[in-house]
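Please read the following report alongside the sequence and the three-dimensional structure.

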Amino acid sequence: MSQPRPTETLNQRNPSFDNRLRPTRFEDFVGQERVRERLLLAVEAAKRRGESLDHVILSGPPGLGKTTLAYILGEAMGVHVKATSGPVIDKPGDLAGLLTSLEPGDILFIDEIHRMQRTVEEYLYSAMEDFVIDIMIDQGPNARSVRLDLPRFTLVGATTRSGLISAPLRSRFGLANRLDYYSAETLQTIVIRSAARLEVAIDTDGAREIASRARGTPRIANNLLRRVRDYAQVRADSFINRVVASEALAMLEIDPYGLDEMDKRLLEALAVKFGGGPVGLTNLAVAVGEEPDTIEEVYEPYLIQEGYLERTSRGRLATDLCYARLGLTTENRRSTPQPI
């Protein structure tokens with residue numbers, strides 16, 4: 001009996017702009033060469049043995065392709081992908097319903113797996129190792145345990161904070177892969193590919209301009225391409241070159257280094273209000289009016305990677321590059337650490 005391809009399931013689930021641009025095969029996935037090579041090898045070995053793929057954990061900042069890789073794995077293995085997220089699975093019964101609905105070889109993709117309830121997570125241990133799950137029925141003196149046999153499946157977990165995954169769960173993943181930020185050259189290739197799918201006219205310099213401001217993230221690059229496309233259609237005869245891309249991105253308040261308005265607010269608060277630091281995350285969050293978790297997970301990774309700030313045990317510190325990008329001198333930098 002023929003079954004729908006996993007990519008068709010993805011598009012039916014969420015026919016958004018991003019899904020139009022998602023690659024569906026390893027051959028079309030650009031970047032992350034080492035991760036792609038390891039996954040390709042694991043897929044080929046599993047198919048030759050006639051087995052399901054080993055459990056996979058994908059970690060890294062948002063927007064680098066973890067969800068895309070999960071569906072590519074399903075396409076490569078010729079199986080269905082059932083997707084959910086950690087916070088959605090509230091009760092063991094929710095997890096049992098997902099697991100028992102799988103067919104042999106299917107992939108269960110759990111995004112933000114580190115946010116799963118620990119009481120639910122514990123039910124995954126036997127499911128991943130022995131492909132059984134024990135569910136408690138009723139309560140009190142009538143309580144009893146029912147064991148459900150599961151088909152051999154593959155769990156693909158995605159996380160932006162791998163350190164929050166418990167050691168027992170982490171040890172049950174056979175394949176652990178971390179995705180890193182993309183180079184500007186790789187993002188340029190992605191922008192050109194996405195423009196072709198959207199039937200947008202763009203030259204190499206225009207693609208390079210967008211890629212250089214995309215913070216090393218394909219999702220951001222595609223979102224910027226969409227905004228630049230709107231600008232080009234209205235003001236530049238629907239053609240994107242370097243000048244058009246630069247003007248459109250300037251309207252979005254994204255500077256040539258990829259820093260947006262919130263990035264600059266963070267750096268200015270750190271460099272000016274707090275004298276370069278050290279300052280605690282909570283104080284910095286209050287100063288810019290943003291949640292601490294958002295700063296730590298969304299903004300800081302890129303700023304740290306690019307060398308604008310340092311995260312130390314005493315707090316956040318502004319670097320010389322931070323002052324240079326803001327056009328400031330270091331005269332007001334604190335000479336001695338202040339209490340946090």
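Residues are numbered from 1 along each chain as its sequence is written, and side-chain values use heavy atoms, with hydrogens and water left out.

The protein contains 15 helices and 11 strands, taken as DSSP runs (helices H or I, at least four residues; strands E, at least two) numbered from the N terminus. Of its 340 residues, 47% are buried, that is, under 20% relative accessible area with a 1.4 Å probe, protein chains only.

The average pLDDT (the predictor's confidence in each residue, from 0 to 100) is 84, and 89% of the residues score at least 70. Confidence in elements is lowest and highest as follows.

| Element | Mean pLDDT |
|---|---|
| helix α1 (residues 6–13), lowest | 40 |
| β1, highest | 93 |

Over residues 1–17 the pLDDT stays under 50, and over residues 336–340 the pLDDT is below 50. Where pLDDT is low, the predicted coordinates should not be read in detail.

H55 lies in the loop between α3 (33–49) and β1 (56–59), and H55 counts as buried because its relative accessibility is 3%. Beyond four places in sequence, H55 is in contact (heavy atoms within 4.5 Å) with residues including M128, F131, F153, L155 and R172; the side chain of H55 also reaches the backbone nitrogen of L155 at 2.9 Å.

Methods:
This is a predicted model: local features need pLDDT of at least 70, side-chain atom pairs count only at pLDDT 80 or more; totals for chains, interfaces and linings use all residues. Buried means under 20% relative accessible area, exposed over 50%, partly exposed in between (1.4 Å probe, protein chains only). A polar contact is a pair of N or O atoms within 3.5 Å; within protein, one must be able to donate a hydrogen and the other to accept it, and residues adjacent in sequence count only if both atoms are side-chain atoms.
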